[in-house]
Amino acid sequence: MAKKLSSLDDLGGFVFSTNKEFEFDNNEEQLETLPNNQQKLEAHLDKKNRGGKVATIIKGFEGTDEDLKYLAKKLKTLCGVGGSAKDGEIIIQGNFRDKIIDSLTKDGYKVKRVGS
C-alpha cells in the first residue's frame, strides 16, 4: 500500500505543475559573511547536557557555513582543543572564553561576554 502524503515536504522537494509556461526559479539567496567589524558575537560558558564539563560557545556569527567553520578551526587551533561549528554557533571544549574574546577582539570582532 502506498504511503499517504501529509504535506508537500513528503514529495522530497518536488512540485508538479501542469502549467506548460511554468519556469522553475531556484535563486536561493546566498548569505554573505559580514565584515569582522560588523559582527556582534556573544561568548557564553555552558555546562548543560555535557556531563558536567564546560564548553565555550560563540553565538551570533552571520555568514556562510564555510566562514563559520574556518573561524571555528582557527579558535580550536588557538586553544588546542576540539569543538564544532553549526547553526551559527561555535562550540569549543573547555573554559577558554577570555582567550577567545582577546583573539576575536584583535581580529576586529565585537565580542560581548555573557554570563559570569
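Student: In which sense do strand β1 and β2 pair, and over how many bridges?

Tutor: In this predicted model, β1 covers residues 40-46, and β2 covers residues 55-59. The pairing of β1 with β2 is antiparallel, and the number of bridges is five.

Student: Which residue in β4 is the bridge partner of Ile 58?

Tutor: Strand β4, made of residues 89-93, is joined to β2 by four bridges, and these two strands run antiparallel. Within β4, the residue that forms the bridge with Ile 58 is Ile 90.

Student: How many residues of β2 are buried?

Tutor: Strand β2 is bridged to β1 and is also joined to β4. Strand β2 is described as mostly covered, and of its five residues the number buried is four.

Student: In what order do the five strands form the open sheet?

Tutor: Strands of a sheet can pair either parallel or antiparallel, through backbone hydrogen bonds. Here the pairing is mixed: β1 and β2 are antiparallel, whereas β1 and β5 run parallel and are joined by four bridges. The order of the strands in the open sheet is β3-β4-β2-β1-β5. The edge strands, each of which pairs on one side only, are β3 (83-86) and β5 (110-113).

Student: Which residue in β5 stands opposite Glu 42?

Tutor: The bridges between β1 and β5 number four, and the two strands run parallel. Opposite Glu 42, the residue found in β5 is Lys 112.

Student: Across which strands does helix α1 lie, and at about what angle to β4 does it run?

Tutor: Helix α1 is formed by residues 65-79, while helix α2 is formed by residues 97-106 and lies across β1, β2, β4 and β5, running at about 160° to β5. Helix α1, for its part, lies across β2, β3 and β4, and its angle to β4 is about 20°.

Student: Why are the buried residues of α2 on the same side of the helix?

Tutor: The buried residues of α2 are Arg 97, Ile 100, Ile 101, Ser 103 and Leu 104. They pack against β1, β2, α1, β4 and β5. They are on the same side of α2 because the arc that they cover around the axis is only 165°.

Student: Which element supplies the largest share of the largest nonpolar core?

Tutor: The largest nonpolar core has 16 residues, and those with the most contacts inside it are Ile 58, Leu 71, Leu 75, Ile 90, Ile 100 and Leu 104. At least two residues of this core come from each of β1, α1, β4 and α2. The largest share, at five residues, is that of α1.

Student: Which residues does Leu 75 touch, leaving out residues up to four places away in sequence?

Tutor: Leu 75 is among the residues with the most contacts inside the largest nonpolar core. With those sequence neighbours not counted, the residues that Leu 75 touches are Ile 58, Ile 90, Ile 92, Ile 100 and Leu 104.

Student: Is His 44 buried or exposed?

Tutor: His 44 lies in strand β1, and its side chain is joined to that of Glu 42 by a polar contact of 3.0 Å. Apart from neighbours within four places in sequence, His 44 is in contact with Ala 55, Thr 56, Ile 57, Lys 59, Arg 97 and Val 114. A residue counts as buried under 20% relative accessible area, and His 44 is at 15%, so it is buried.

Student: What distance separates the C-alpha atoms of Gly 115 and Leu 45?

Tutor: Gly 115 lies in the segment after β5 and is exposed, with a relative accessible area of 60%. Gly 115 and Leu 45 are 70 residues apart along the chain, and the separation of their C-alpha atoms is 7.2 Å.

Student: Where is Asn 49, and is this residue buried or exposed?

Tutor: Asn 49 has a phi near 55°, which is a positive value in a residue other than glycine. Its place is the loop between β1 and β2. Since the cut-off for exposed is over 50% relative accessible area, and the value for Asn 49 is 84%, this residue is exposed.

Definitions and conventions: Residues are numbered from 1 along each chain as its sequence is written. This is a predicted model: local features need pLDDT of at least 70, side-chain atom pairs count only at pLDDT 80 or more; totals for chains, interfaces and linings use all residues. Side-chain values use heavy atoms; hydrogens and water are left out. Buried means under 20% relative accessible area, exposed over 50%, partly exposed in between (1.4 Å probe, protein chains only). Two strands pair if DSSP finds at least two bridges between them. Contact means heavy atoms within 4.5 Å. Axes are lines fitted to C-alpha atoms, for helices over the stretch in contact, and angles run from 0 to 180 degrees between N-to-C directions. A polar contact is a pair of N or O atoms within 3.5 Å; within protein, one must be able to donate a hydrogen and the other to accept it, and residues adjacent in sequence count only if both atoms are side-chain atoms. A nonpolar core is a set of buried Ala, Val, Leu, Ile, Met, Phe, Trp, Tyr and Cys residues joined through side-chain atoms within 4.5 Å. The arc is that of the directions from the helix axis to the C-beta atoms.
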